[in-house]
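Hello,

Here is the structure I promised to pass on to you.

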Amino acid sequence: METLSTMTKGSFLKDEAMAKHTSYGIGGPAKAYITPRDKDDLSQILQFANQHGIATYFVGSGSNLLVADEGIDGLVITLGKSLKRLEITGTTVFAESGVMLGKMVKECISRNLSGVESMIGVPGTLGGALVMNAGAFGGEISNYLKHVTVMKMNGQEKQYQPGDISFSYRHSTFPDDEIVISAEFELIQSDKKTVQEKRSVASGGRKATQPLKFRSAGSIFKNPEEGAAGYYIDQVGLKGTKVGDAEISPIHANFFVNHGGAKASDVVTLIRLARKMVQEKFGIMLDLEVKPLGFKPGTFDI
Ligand SMILES: Cc1cc2nc3c(=O)[nH]c(=O)nc-3n(C[C@H](O)[C@H](O)[C@H](O)COP(=O)(O)OP(=O)(O)OC[C@H]3O[C@@H](n4cnc5c(N)ncnc54)[C@H](O)[C@@H]3O)c2cc1C
């Protein structure tokens, strides 16, 4: 770690509480939380971690993460504050993965470019959005994708065409040991009225249905093939159930919110409870949408 801390040109935070880097405000310390200065710095760090067998995890802005109270035994690398280049030329949008998705969406809307406007209000970086195949109100980030560049643990870049990666509902097949560094999109030139209408539907719908006053990681579970996860959790009577400072939101049962002092273990208890009760009553096993980091295998099993 000492060598890594001196070789890193960007920021290197030792034993850094992940609670500071997640929208949940939950999570114990990572051995190191690193923001490389640029691609060269990233390449050196990855090669070092690879050669020394140091466990390495990639995150964006932490808006879809649940990090264990015990923390993460390894390096956490984010590009959220470093790779932020955004260039729009005609209908072609190039963005590095540290660009906030919201910023990219707003820049596209202001040019009347259609394709990403329904994702207004989705928190997080472009890198996180691509890995999660983030989406909202009928649109998904992968829809207008031209190509994506990643960096491998040997420090080399590699480009993927859309057909190389399979994208589905809140899922992509990017390998875990590759970090997304940039992407290019080809959007559609539209007109102000059409783009603004789609944007308003999306942002109005979000405000009406989501408990945005409290910290969360958005939806805890993916919607099953039929019906919405929130519907089933509501049907088993769990809306408003609290464990510690964590609560199954009375507004949206698929949002488990943090009232301030929630621990990851409180959220885990609620997750297991919801899975168990929905499984018993409906025979449906809910799948996590939130990405757990630092937990022992089996933690979420019922
Ligand atoms: C209030 C609220 C509302 C939300 N609404 C929506 C919604 O409508 N639709 C939706 O899809 N999501 C929603 N989310 C979830 C979240 O915003 C998205 O999943 C988002 O795309 C995550 O981006 P991030 O940068 O925060 O990624 P993180 O949460 O940091 O990471 C998410 C995943 O991506 C991986 N990852 C991140 N960056 C990289 C990278 N550069 N290279 C490789 N792997 C990487 C991580 O390892 C992790 O597996 C919501 C969240 C909140 C808090």
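A definition to begin with: the radius of gyration is taken over C-alpha atoms, and the globule rule is 2.2 Å times the number of residues to the power 0.38. For 302 residues a compact globule would come out near 19 Å, and the protein has 19 Å, which agrees. Its C-alpha trace spans about 55 × 50 × 30 Å along the principal axes.

Two points on how to read this. The model is predicted, so local features need pLDDT of at least 70 and side-chain atom pairs count only at pLDDT 80 or more, while totals for chains, interfaces and linings use all residues. Residues are numbered from 1 along each chain as its sequence is written.

The protein has seven helices and 20 strands; these are DSSP runs numbered from the N terminus (helices H or I, at least four residues; strands E, at least two).

**Domains**

By an automatic or database domain assignment, the protein is divided into domain 1 (2-78), domain 2 (86-208) and domain 3 (211-293). The C-alpha centres of domain 1 and domain 3 lie 27 Å apart. Their contact takes 14 residues from domain 1 and 14 residues from domain 3, where contact means C-beta atoms, placed from the backbone, within 7 Å. On the domain 1 side, the largest share is the three residues from strand β4 (residues 65-67). That side divides into eight nonpolar, five polar and one charged residue. (Ala, Val, Leu, Ile, Met, Phe, Trp, Tyr, Cys and Pro count as nonpolar, Asp, Glu, Lys and Arg as charged, and the others, Gly among them, as polar.)

**A four-stranded sheet**

There is an open sheet with the order β1-β2-β5-β3 and mixed pairing; two strands pair if DSSP finds at least two bridges between them. β1 (11-17) and β3 are the edge strands, each pairing on one side only. Strand β3 runs parallel to β5 (residues 72-78), and four bridges join them. Within that pair, V59 stands opposite T78 in β5.

**The ligand**

Which residues are closest to the ligand? They are G60, G124, G127, G128 and G218, out of 32 residues that surround the ligand (near means a C-beta atom, placed from the backbone, within 6 Å). Two or more residues each come from β3 (56-59), α4 (126-132), β9 (135-136) and β15 (178-186). Of the elements, α4 gives the most, with five residues. By class, the shell has 15 nonpolar, 15 polar and two charged residues.

Best wishes

Definitions and conventions
Contact = placed C-beta atoms within 7 Å.
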